[in-house]
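The paragraphs that follow lead from the chain as a whole to one of its helices. Please keep the sequence and the model in view while reading.

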Amino acid sequence: GYVPTMGALHDGHLSLVKEARSKNDVVIASIFVNPTQFGKGEDLDKYPRQMEQDSKLLQEFGVDHLFAPNKELMYGKNHMTFVDPIVSSIHVVCVCVCVSESCVFLCLSLSFAISVSFFG
């Protein structure tokens, strides 16, 4: 099971991790503050980042692997994943691109497929 987050974990995130843990042999969580999910006037730099605290919580709740990419890995020069914004809201587009990119990296690096993702 896969639980994508932007960090700053709270009870809602942890309930998704519990659900994933109860239904899967392996649980992966990601922490990526996705810059494409912030619009003009929204302050990306002020979004809380607490990697040490979040990674401890995820470990305590039984997450097997933590994927915490940087912007360059997710949206590098060979970035090729796109979703048509005409049929989706821009927020949904940004989430879909980020999650699909994460799944590709995880499947290739861990050599198994993600069958279920848990969103809040």
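Predicted model: local features only at pLDDT ≥ 70, side-chain atom pairs only at ≥ 80, totals over all residues.

Residues are numbered from 1 along each chain as its sequence is written, and side-chain values use heavy atoms, with hydrogens and water left out.

Of the 120 residues in the chain, 36% are buried, where buried means under 20% relative accessible area, exposed over 50%, and partly exposed in between (1.4 Å probe, protein chains only). Among contacts (heavy atoms within 4.5 Å) with a separation of 6 or more, 73% are between residues 24 or more positions apart.

Helix α2, which covers residues 51-60, has D54, L57 and L58 as its buried residues. Seen down the axis of α2, these residues fall within an arc of 100°, and they therefore line one face of the helix; the arc is that of the directions from the helix axis to the C-beta atoms. The buried residues of α2 pack against α1 (11-23), β2 (28-31) and β3 (65-67), whereas the face turned away from the buried side carries the exposed residues E52, Q59 and E60. After α2 comes G62, whose phi is positive, near 90°.

Methods:
Helix = DSSP H or I, 4+ residues; strand = E, 2+ residues; numbered from the N terminus.
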